[in-house]
Number of protein chains: 2
Amino acid sequence: MQLFKNNTNKIKVMALGGLNEIGKNMTVIEYKDEIIVIDAGLSFPEEDMLGVDIVIPDITYLMKNKDKIKGIFITHGHEDHIGALPYILKKINVPVYGAKLSIGLIQVKLKEHKLNNVKLNVVTPRQVIKLNNFEVEFIKNNHSIPDACSIAVHTDQGIIYHTGDFKIDLTPIDGDVMDIHRICELSNEGVLLMLADSTNVGRSGYTMSEKTVGAGLDDLFRKANNSRIIVATFSSNIHRLQQIINMAEKFNRKVAISGRSMINVVGVSRDLGYLNIEDKTLIDLNDISKYEDSELVIITTGTQGEPMSALARMASAEHKKVEIKAGDLVIISAHPIPGNEKLISRVINLLFEKGAEVVYNDIADIHVSGHASQEELKLIHRLAKPKFFMPAHGEYRMLKRHAELAEELGMPSQNIFVMQTGDVLELDANSAKVASRIPTGNVLVDGLGVGDVGNIVLRDRKHLSEDGLMIVVVTISKEDGTVLAGPDIISRGFVYVRESEDLMDGAKGIIKQVLKDCEEKNIKEWAYLKNNIKENLKEYLYQRTKRNPMILPIIMEV
Amino acid sequence: MQLFKNNTNKIKVMALGGLNEIGKNMTVIEYKDEIIVIDAGLSFPEEDMLGVDIVIPDITYLMKNKDKIKGIFITHGHEDHIGALPYILKKINVPVYGAKLSIGLIQVKLKEHKLNNVKLNVVTPRQVIKLNNFEVEFIKNNHSIPDACSIAVHTDQGIIYHTGDFKIDLTPIDGDVMDIHRICELSNEGVLLMLADSTNVGRSGYTMSEKTVGAGLDDLFRKANNSRIIVATFSSNIHRLQQIINMAEKFNRKVAISGRSMINVVGVSRDLGYLNIEDKTLIDLNDISKYEDSELVIITTGTQGEPMSALARMASAEHKKVEIKAGDLVIISAHPIPGNEKLISRVINLLFEKGAEVVYNDIADIHVSGHASQEELKLIHRLAKPKFFMPAHGEYRMLKRHAELAEELGMPSQNIFVMQTGDVLELDANSAKVASRIPTGNVLVDGLGVGDVGNIVLRDRKHLSEDGLMIVVVTISKEDGTVLAGPDIISRGFVYVRESEDLMDGAKGIIKQVLKDCEEKNIKEWAYLKNNIKENLKEYLYQRTKRNPMILPIIMEV
């Protein structure tokens with residue numbers, strides 16, 4: 001019977017996140033009785049996810065197939081690739097594999113979540129992890145964080161090559177170019193399926209080398225003269241940090257670090273040897289007053305204008321240790337993530353108002369992307385020569401554009417699969433098709449609650465946020481239905497109550513009338529009564545204010 | 001005594017909005033016993049203004065000086081220059097002056113607000129309105145709406161020249177270049193103060209002519225073949241509409257209009273002769289099914305991804321008359337306003353998912369700005385040669401950059417005034433200084449309420465939006481303080497109640513304990529009791545969920 005078991009030679013490839021969205025990257029590869037997971041990322045809440053902290057993938061499918069899972073293989077240490085790990089490892093404790101820095105960053109994260117029974121495995125590029133039915137190989141990438149890797153899964157049906165996030169930097173800061181030689185070798189062995197980063201498929205040409213940022217920084221540091229320099233950048237962009245530190249040392253400035261994640265990352269990457277900074281260069285943020293402005297560089301978080309970030313707190317004079325003053329030079333070495341433009345703009349204006357000079361990417365070349373542009377994507381397609389292709393890591397329009405790019409390079413359209421999260425691609429050496437779907441979606445994390453905030457809660461939050469609420473309380477006699485106390489009205493987020501006494505009196509009048517009618521008709525169904533109060537009040541309030549507060553009638557029986 | 005009266009020859013210039021912000025433009029010029037107002041715009045709510053519809057300037061100063069006001073002079077018909085008019089005219093009924101199209105658009109607006117006793121005056125460029133102490137002259141501008149004007153105020157101390165929103169388009173669609181000759185003449189007479197548009201001061205070079213968009217559109221229409229074409233653009237950009245209509249007529253396509261504001265503007269501008277469209281070209285949106293796709297152009301609102309706009313409704317299959325289908329060509333002829341990037345992105349992805357081809361500004365040259373870039377700004381400074389300069393219309397960083405630009409052109413820094421909304425610039429023929437401040441600020445409009453939503457209401461809405469609320473109701477005996485009914489708990493927007501019974505039971509336990517303690521101690525101060533419930537519950541809920549819902553304890557006495 002075993003022989004006739006379905007799909008024995010079919011490999012299944014499915015995404016639990018990262019398709020039709022930016023973030024929450026998680027890919028599952030299943031072959032025979034083994035499953036591997038590539039990455040376990042988070043995404044940040046959409047505007048309509050009120051009060052939600054982060055979003056992680058729905059792992060129902062993994063929960064059901066717990067025993068098959070051999071490990072989670074991490075391409076690199078960005079939040080959209082490792083941020084969901086603590087939540088997922090709480091539910092399925094499987095080994096995690098990743099390069100040294102990735103594992104270092106994961107350790108910090110697991111410690112915060114008090115998870116200390118996870119088996120973490122440090123791998124090096126070209127290292128191969130052998131499973132029963134296939135092998136998993138890590139291959140060195142270039143990206144905006146060191147130790148980024150792509151992953152090749154070797155099966156008897158062919159190789160599945162997942163680029164992870166990458167660019168091809170021919171002059172990288174650490175000197176190690178992406179391992180394109182290995183990709184050539186893989187293509188000779190035969191790449192069955194490629195999954196590739198689609199983030200920058202809309203950009204023509206090549207993405208600039210990280211090294212080009214150095215020239216922009218050098219120029220700014222040279223002209224800074226006696227100004228204090230404050231540089232905001234992504235904490236995870238350690239090559240960028242290295243370049244900033246190099247500039248500081250070149251121009252005889254001390255470096256102080258601000259922001260929790262920046263302090264964490266600098267610590268880990270220094271410990272692991274990814275960041276070279278002389279002991280005499282690094283000073284404590286508490287000691288900056290001991291130095292002249294011309295001797296200082298402060299490296300900080302807050303490139304996205306996040307209201308609680310160190311830079312935003314400096315800008316609004318709420319930072320305990322750093323006060324922005326006239327003459328300060330603030331360099332924002334990052335690009336706005338779509339949706340954050342207004343927050344960033346607000347911070348920049350506040351910095352200017354305090355008299356600081358602010359340099360951001362519109363003004364000088366002080367940031368480059370970590371993702372491949374069109375020409376690099378074409379190169380990776382040419383190098384890997386996959387039989388089948390699945391655009392990954394991007395919104396729908398990017399996936400579609402990437403599919404078009406593959407077609408332009410000569411791939412038959414029926415070999416390209418623009419998939420959705422949850423689609424299952426089944427393939428073997430000769431064929432591939434989207435065969436089924438598995439349950440997927442967003443799991444919202446709010447405080448300690450994972451998944452306990454859903455549509456109803458969000459709908460209520462939205463309603464409350466727009467027009468506030470009005471609570472009506474009445475105590476009624478169990479025996480004869482007469483009103484013993486109330487109606488009392490309490491409102492929040494609706495109108496200034498003090499200036500709206502007239503409106504509130506009117507509302508009370510409406511409620512009293514409803515109560516009277518019900519008493520006269522001897523109606524004791526509280527649901528009916530509540531509904532009547534709600535409807536009448538709603539109409540009255542809308543007519544008077546054109547607003548629809550949430551109305552909550554409460555009846556107490558005594 | 002009259003002779004010694006303060007400031008008799010001082011002109012006061014102050015902004016009630018438009019400085020350190022984009023939107024809400026309103027400038028006041030006061031001389032002797034006369035006041036004129038230039039523009040009365042609205043702005044759109046910031047992210048933290050939950051539930052607010054629009055924001056208008058605080059006109060306390062105008063209310064106090066009602067009798068001095070001679071009129072509101074409108075530079076052009078964009079919302080950020082006319083949107084607050086209905087609200088302001090309800091409080092101060094003064095004449096309004098503006099060019100034909102501006103007045104036409106204002107009429108539509110006043111009609112919606114049922115304001116029919118306002119004196120509207122249509123002026124033509126170079127027309128001068130004489131007051132007792134000064135004269136107000138309209139001068140033709142180029143901008144992204146026809147009939148845009150700058151305003152020159154002629155006083156015996158010199159001319160105050162307010163550019164309004166402008167670009168210098170040397171090949172405008174209607175053939176009328178900005179009246180730079182008149183600005184030359186003004187400078188010969190002596191421009192005392194210039195206020196100038198700072199929106200695009202960060203952009204080098206010249207802003208491209210509106211005409212260049214025509215070439216981009218022509219290219220897209222030519223390649224569209226049998227596709228239906230849907231073009232989204234700003235309804236007020238009538239020159240853009242004209243170019244789209246010209247293309248439709250050139251390629252033998254009918255034009256249907258979608259979106260309330262688009263229908264309004266097309267109606268008004270056609271009536272007033274600003275839009276040429278053949279009767280046979282324009283069809284009703286209800287009739288599109290009678291034509292082939294290749295015979296159709298649909299012009300729609302929704303360039304900013306606004307969820308209720310026509311384009312967003314088409315994208316999410318909620319539009320009653322237009323269903324997006326594979327092969328449709330959607331052209332978004334506009335630029336994202338900062339803050340709207342994510343909304344637009346969502347709409348574009350939905351359109352792609354429906355199989356439409358979407359062309360937006362990243363991909364093709366189908367939009368140009370309506371505001372002057374650096375070289376045009378330099379030109380206007382050179383032409384007008386003002387003695388004093390006040391950067392207008394922009395965020396702080398833009399105003400500051402514009403001040404630097406003026407300095408680069410040789411203006412002494414002490415003659416440049418980077419002002420805030422509410423600052424009063426006092427000047428005469430020889431001197432100028434910021435002398436005082438008047439009360440200003442944001443007035444929030446929510447439904448029918450103007451100004452009844454303030455910080456407390458917004459703070460409550462924010463609190464409710466993040467963690468929801470929990471209401472606790474208890475009925476207590478007036479006589480002996482025993483609990484007669486409850487405690488009942490009602491929560492909204494906090495957790496899924498069904499999955500949180502345990503949490504709710506715990507909460508009830510906490511409340512009962514507090515009630516018992518108070519009963520035992522014979523405490524009948526309800527404020528104390530409420531506070532105790534609140535504090536204990538807050539701590540319990542935070543420990544269990546890391547959330548802080550709003551807690552509202554209600555005590556009914558019977």
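Which residues does His371(A) touch, not counting residues up to four places away in sequence? In this predicted model, the list comprises His143(A), Asp165(A), Phe166(A), Lys167(A), Asp197(A), Thr199(A), Asn200(A), Thr207(A) and His393(A). With Thr199(A), the side chain of His371(A) makes a polar contact of 3.3 Å. His371(A) has a relative accessibility of 13% and is buried, because buried means under 20%. His371(A) sits in the loop between S18 and H11 of chain A.

Val368(A) is found in the loop between strand S18 (357–359) and helix H11 (374–384) of chain A. Val368(A) is buried too, at a relative accessible area of 9%. Beyond residues up to four places away in sequence, Val368(A) touches Lys167(A), Met208(A), Ser209(A), Glu210(A), Thr212(A), Val213(A) and Arg240(A). The UniProt record, an unreviewed entry, lists a "binding site" feature at positions including Val368(A) and His371(A).

The largest nonpolar core holds 68 residues. Leu62(B), Ile72(B) and Leu89(B) are among those with the most contacts inside this core. Helix H7 (residues 238–250) of chain B gives the largest share, 6 residues. Domain 1 (9–205 + 369–450) and domain 2 (211–359) of chain B both contribute residues, so the core lies between them. Another core, of 67 residues, lies apart from it and includes Ile35(A) and Phe221(A).

Chain A also has an open sheet of 3 strands, in the order S4-S22-S23, with antiparallel pairing. Strands S4 (54–57) and S23 (449–450) stand at the edges with a single partner strand each, so one side of each has no neighbour in the sheet. S4(A) pairs with S22 (residues 442–446) over 4 bridges. Pro57(A) has Asn442(A) as its bridge partner in S22(A).

Note on methods:
Residues numbered from 1 in each chain as written. Chains lettered and ligands numbered in written order. Predicted model: local features only at pLDDT ≥ 70, side-chain atom pairs only at ≥ 80, totals over all residues. Heavy atoms only, no water. Pairing = 2+ DSSP bridges. Helix = DSSP H or I, 4+ residues; strand = E, 2+ residues; numbered from the N terminus. Core = buried A, V, L, I, M, F, W, Y, C linked by side-chain atoms within 4.5 Å. Buried < 20%, exposed > 50% of the residue type's maximum accessible area, 1.4 Å probe, protein only. Domains from an automatic or database assignment. UniProt positions renumbered as here; feature names shortened; annotations may be inferred. Contact = heavy atoms within 4.5 Å. Polar contact = N/O pair within 3.5 Å; in protein donor to acceptor, adjacent residues only side chain to side chain.
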